[in-house]
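Subject: Structure handover

Hi there,

Here is the structure I promised to pass on to you.

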Amino acid sequence: MIVLTINSGSTSVKLAAYDTAGAAPKRIESEHYTGSHLEPRALLSGILRKLPAPPDVVAHRVVHGGTRFTSPTRLDDQVIAAIDQLSELAPLHNPTALEWIRAARAECGDPAPGGDARPVHVAVFDTAFFADLPRTASEYALPARLGVDHGVRRYGVHGL
């Protein structure tokens with residue numbers, strides 16, 4: 001199985017592909033780009049041409065999943081819309097991740113319901129690593145009416 005990873009930041013992206021056929025995943029391609037005017041579809045097209053076969057899985061790094069996304073999540077239109085709604089919590093990162101997700105779905109394909117199940121697109125959330133923080137670590141020292149009641153909490157990012 002070939003897994004393509006897309007780790008997008010606010011102005012950079014790390015693309016890598018792994019072959020998981022052996023005892024341990026083997027990196028078969030890796031590229032890193034920086035700049036504020038990256039062209040996701042062109043860069044994805046370039047790395048895809050280098051792969052021995054199309055990816056079976058495309059894993060996307062997304063910074064903020066709020067309290068809803070606490071584990072890797074298969075991407076569909078509803079999940080993408082929910083990530084978009086969380087963009088106010090990570091305005092430099094989530095919109096860029098969504099741009100890469102849309103580009104990857106266009107370049108790699110996106111399984112149709114009832115059709116071919118490949119590739120599978122999955123989002124992995126930085127905030128998921130901090131979803132189980134103990135209450136004393138996740139809450140701010142604020143009155144409950146200002147903090148907990150409004151969902152104000154520590155999430156933690158850059159955990160991948």
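This is a predicted model: local features need pLDDT of at least 70, side-chain atom pairs count only at pLDDT 80 or more; totals for chains, interfaces and linings use all residues.

Residues are numbered from 1 along each chain as its sequence is written, and side-chain values use heavy atoms, with hydrogens and water left out.

Let me start with the helices (DSSP runs of H or I, at least four residues; strands are runs of E, at least two; both are numbered from the N terminus). Helix 1 (residues 40-50) packs against helix 3 (residues 94-108) with 9 Å between their axes and an angle of about 45°. Helix 1 is therefore oblique to helix 3; angles under 35 degrees would count as roughly parallel, over 145 as roughly antiparallel and 65 to 115 as roughly perpendicular, with the rest oblique. Axes here are lines fitted to C-alpha atoms, over the stretch in contact for helices, and angles run from 0 to 180 degrees between N-to-C directions. The crossing is right-handed, meaning that the near helix is turned clockwise from the far one by less than a right angle.

Next, the salt bridges (a side-chain nitrogen of Lys or Arg within 4 Å of a carboxyl oxygen of Asp or Glu). The structure has 5 of them, including the following pairs.

- Lys-50 pairs with Glu-31, with 2.6 Å between the closest N and O atoms. Because Lys-50 lies in helix 1 and Glu-31 in strand 3 (residues 26-34), the pair ties together parts 19 residues apart in sequence. Glu-31 is buried at 9% relative accessibility, whereas Lys-50 is partly exposed at 47% (buried is under 20% relative accessible area, exposed over 50%, partly exposed in between; 1.4 Å probe, protein chains only).
- Asp-77 pairs with Arg-105, the closest N and O atoms being 3.1 Å apart. Asp-77 sits in helix 2 (residues 77-85) and Arg-105 in helix 3, so this pair links parts 28 residues apart in sequence. Asp-77 is exposed at 52% relative accessible area, while Arg-105 is buried at 18%.
- Arg-135 pairs with Glu-139 at 2.7 Å between the closest N and O atoms. Arg-135 is exposed, at 62% relative accessibility, and Glu-139 partly exposed, at 26% relative accessible area.

Enjoy exploring it!

Best wishes
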